[in-house]
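Please read the following note alongside the coordinates. It takes up confidence, the sheet and one surface feature in turn.

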Amino acid sequence: MTFIKSWEDFERAAEKLYLANPMKVRYTMKYRHNDGALVLKFTDDAVCLQYKTEVQQDLKKIDRFMTNLMRHMVSSDK
């Protein structure tokens, strides 16, 4: 499994993966204290997207993205 280098590329790919099959996609966030890194992983068992960051400013981008996904999850639009 490879990591996507750019946040923008990861964000677009993860949202596209979610919108393709929302019932199958899951994600995890893991903080690795030894590395001081946050690792995000989106998967639908066929495709696995990963992003790793050690920059604290990326947390706001991640928070905004997760909020956007939550809006997709609770919306009644199909």
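The numbered points below begin with the basis of the model and end with its surface.

1. This is a predicted model, in which local features need pLDDT of at least 70 and side-chain atom pairs count only at pLDDT 80 or more, while totals for chains, interfaces and linings use all residues. Residues are numbered from 1 along each chain as its sequence is written, and side-chain values use heavy atoms, with hydrogens and water left out.

2. The mean pLDDT (the predictor's confidence in each residue, from 0 to 100) of the protein chain is 90, and 95% of the residues score at least 70.

3. Strand S1 (residues 26-32) pairs with strand S2 (residues 37-43) over 7 antiparallel bridges, and Tyr31 has Leu38 in S2 as its bridge partner. The hairpin of S1 and S2 has 4 residues between the strands, and Gly36 takes a positive phi near 70 degrees there.

4. S2 and S3 also run antiparallel, joined by 6 bridges, and Leu40 stands opposite Tyr51 in S3. In their hairpin, which has 4 residues between the strands, the positive phi, near 75 degrees, belongs to Asp45.

5. Which residues make the nonpolar surface patch? Met70, Met73 and Val74 form this patch of about 300 Å²; members of a patch have over 30% relative accessible area and no salt bridge, and nonpolar side chains are joined within 5 Å. Met70, in helix H2 (residues 58-74), is partly exposed at a relative accessible area of 38%, that is, between buried (under 20%) and exposed (over 50%) with a 1.4 Å probe and protein chains only.

Terms used. Patch = residues over 30% accessible without salt bridge, like charges linked within 9 Å, V, L, I, M, F, W, Y side chains within 5 Å. Areas by Shrake-Rupley, 256 points an atom, 1.4 Å probe, with all protein chains shown as cover. Salt bridge = Lys/Arg side-chain N within 4 Å of Asp/Glu carboxyl O. Helix = DSSP H or I, 4+ residues; strand = E, 2+ residues; numbered from the N terminus. Pairing = 2+ DSSP bridges.
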